[in-house]
Amino acid sequence: ASEVTGAELKELKERWREYLQSNNFNTTQQRELIVEQFLKCSGHVSIDDLLARIRRRNKKIGYATVYRTLKLLVDSGLAQQRNFGDGQTRY
């Protein structure tokens with residue numbers, strides 16, 4: 001997978017905002033940071049890998065927040081869970 005372009009990122013973030021709004025979820029700074037970092041990832045990413053990226057920008061974001069946000073991304077159709085037989089779920 002290649003890097004996401006600015007236009008694609010904008011469209012994906014708009015779909016994310018629409019999903020949150022239609023399901024009465026709040027937009028938080030932490031969620032937005034997680035989603036932005038996730039959408040910028042190329043290829044599959046584990047929660048641990050994503051958390052490491054996010055903590056470079058905000059050390060206060062925890063594993064559970066990343067996990068819950070990824071679950072919302074899956075529910076919204078912007079992410080899919082993948083298992084490659086190594087015991088670790090990637091998105």
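What follows describes an aromatic cluster, a helix crossing and several individual residues.

The model is a predicted one, in which local features need pLDDT of at least 70, side-chain atom pairs count only at pLDDT 80 or more, and totals for chains, interfaces and linings use all residues. Residues are numbered from 1 along each chain as its sequence is written, and side-chain values use heavy atoms, with hydrogens and water left out.

Trp 16 and Tyr 19 both belong to helix α1 (residues 6-22), where a spacing of 3 residues places them about one turn of the helix apart. Both residues are buried, a class that means under 20% relative accessible area, while exposed means over 50% and partly exposed lies in between, with a 1.4 Å probe and protein chains only.

The structure holds 2 aromatic pairs. The ring centres of Trp 16 and Tyr 19 are 6.3 Å apart and their planes stand at 25°, so this pair is stacked. Rings of Phe, Tyr and Trp (its six-membered ring) are paired if their centres lie within 6.5 Å, and planes under 30 degrees apart count as stacked, over 60 as edge-to-face and the rest as tilted. Ring pairs also bring in Phe 25, giving a cluster of Trp 16, Tyr 19 and Phe 25.

Which residues does Ser 76 touch, not counting residues up to four places away in sequence? They are Trp 16 and Tyr 19, where contact means heavy atoms within 4.5 Å. Ser 76 itself is placed in helix α4 (residues 63-76), and a polar atom of its side chain lies 3.4 Å from the backbone nitrogen of Leu 78.

## The crossing of α3 and α4

The axes of helix α3 (residues 47-55) and α4 come within 10 Å and cross at roughly 115°, the axes being lines fitted to C-alpha atoms, for helices over the stretch in contact, with angles that run from 0 to 180 degrees between N-to-C directions. On the α3 side the contact is made by Ile 47, Asp 48, Leu 50, Leu 51, Ile 54 and Arg 55, and on the α4 side by Tyr 63, Val 66, Tyr 67 and Leu 70. These contact residues divide into 8 nonpolar, no polar and 2 charged, where Ala, Val, Leu, Ile, Met, Phe, Trp, Tyr, Cys and Pro count as nonpolar, Asp, Glu, Lys and Arg as charged, and the others, Gly among them, as polar.

Thr 89 is placed in strand β2 (residues 89-90). Leaving aside neighbours within four places in sequence, Thr 89 is in contact with Val 45, Ser 46, Ile 47, Gln 81, Arg 82 and Asn 83.

Asn 58 lies in the loop between α3 and α4, and its side chain reaches the backbone nitrogen of Lys 60 at 2.9 Å. Apart from neighbours within four places in sequence, Asn 58 is in contact with Gln 30 and Leu 33. Arg 56 has its place in the loop between α3 and α4, and its C-alpha atom is 25 Å from that of Gly 87, at a sequence separation of 31 residues. Asn 24 sits in the loop between α1 and α2 (29-40), and its phi is near 55°, a positive value in a residue other than glycine.

The table lists relative accessible areas.

| Residue | Relative accessible area | Class |
|---|---|---|
| Asn 24 | 70% | exposed |
| Arg 56 | 67% | exposed |
| Asp 75 | 45% | partly exposed |
| Thr 89 | 28% | partly exposed |
| Asn 58 | 23% | partly exposed |

Methods
Helix = DSSP H or I, 4+ residues; strand = E, 2+ residues; numbered from the N terminus. Polar contact = N/O pair within 3.5 Å; in protein donor to acceptor, adjacent residues only side chain to side chain.
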